[in-house]
Amino acid sequence: MSDVETGAAGAAPAYLAVFTDFDGTLVEIAERPEDVEVAANLRESIADAAEKLDSAFAVITGREIDVIDHYLSPLHLPVAGAHGSQRRRADGAIEELDPEIVEAADELARRLEPLLADNPDLIVERKRGAVALHYRQAPEFEQACKVAMREAARFDDRFELVEGKMVIEARPKGLSKGTALRAFMREEPFAGRIPVFIGDDTTDEDAFIAAQELGGVGIKLGAGPTAARMRIADVASVHALIQGLGDIAARAGRIGGQHPPA
Ligand SMILES: [Mg+2]
């Protein structure tokens, strides 16, 4: 008999942990970050999938945790915010960042103010421990934004810059969506499962790699070079995928393969 038939060691059980980015993945990107719209049935569909996955469902985003709570209310999911700088575990506990880094991020945002005064179409998103400078409404300022961000971040070598879609961000060195995914995977209810991470942007690459190094798969939405092993087309496909992964988990549960061994 094969391993699959005997359930012997080595046969991969079908339990999954699902991680997803927010902007451009669960919702379409908007002109301004505050203008994103959540599809009518998204919250229900996430709640249903999360339940079928035994709550092994988390959002890993560049946004702050509070912002995700706002958009997905009344859901209170495990969330890693600000590119891994903030994290709410499945048990609800929040991992706090060093207050000095939070203060330094505020100072960094203040140093961008002269640039904003000259260019009102640019948007600075202030986060606890991180800063994003958006130029979606003024793409001609891309270079100016990159230079300004480099200048603003120069006073504190604890930050690194990451570029996304029409945005440049400063985040604490050593933290990323990949470190956030790994942290979740060390905890219940994620530990022992196979991670799937879905994202659309360059800052998601760390999490694709982390998921794949842990035996799972990265799924890239849209075009562009990527380390992800799979690719899907659009936000609607992500919604269908989440629903499908939930259904697959429920079916696996019925054949006894759902729960990780205690
Ligand atoms: Mg995104």
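Predicted model: local features only at pLDDT ≥ 70, side-chain atom pairs only at ≥ 80, totals over all residues.
Biologist: How many of the residues count as buried?

Modeller: Of the 262 residues, 42% do. The cut-off is 20 or more other C-beta atoms within 10 Å.

Biologist: Which share of the contacts joins residues at least 24 apart?

Modeller: The share is 56%, among contacts between residues at least 6 apart in sequence.

Biologist: What does the domain assignment give?

Modeller: It gives domain 1, residues 3-95 + 175-256, and domain 2, residues 99-172. Their centres, taken over C-alpha atoms, are separated by 27 Å. Domain 1 puts 15 residues into the contact, and domain 2 puts in 17. On the domain 1 side, four of the residues are nonpolar, seven polar and four charged.

Biologist: Why is strand β10 called largely enclosed?

Modeller: Strand β10 covers residues 194-199. Five of its six residues are buried, so the rest of the structure largely encloses it.

Biologist: How do you know that β1 pairs with β10?

Modeller: Count the bridges. A pair needs at least two. Strand β1, residues 16-20, is joined to β10 by five bridges, so the two strands pair, and they run parallel. One of the links is A17, whose bridge partner in β10 is P195.

Biologist: How do you know that β10 also pairs with β11?

Modeller: Apply the same cut-off of at least two bridges. Four bridges join β10 to strand β11, residues 217-221, so these strands pair too, and they run parallel. Here F197 has G218 in β11 as its bridge partner. The chain passes from β10 through helix α8, residues 205-213, to β11, and this β-α-β crossover is right-handed.

Biologist: What makes the bond between S73 and P74 stand out?

Modeller: Most peptide bonds are trans. The bond joining S73 and P74 is cis, with omega about 10 degrees. P74 sits in the loop between α3 (65-72) and β3 (79-81).

Biologist: Where is P189, and which bond joins E188 to P189?

Modeller: P189 lies in the loop between α7 (177-185) and β10. A cis peptide bond joins E188 and P189, with omega about 0 degrees.

Biologist: Why does M166 count as partly exposed?

Modeller: M166 has 17 C-beta neighbours inside 10 Å. Buried needs 20 or more, and exposed needs 12 or fewer. The value lies in between, so M166 counts as partly exposed. M166 is in the loop between β8 (159-164) and β9 (167-172). Its phi is near 60 degrees, a positive value in a residue other than glycine.

Definitions and conventions:
Residues numbered from 1 in each chain as written. Contact = placed C-beta atoms within 7 Å. Domains from an automatic or database assignment. Nonpolar A, V, L, I, M, F, W, Y, C, P; charged D, E, K, R; others polar. Right-handed = clockwise from strand over helix to strand, strands pointing away.
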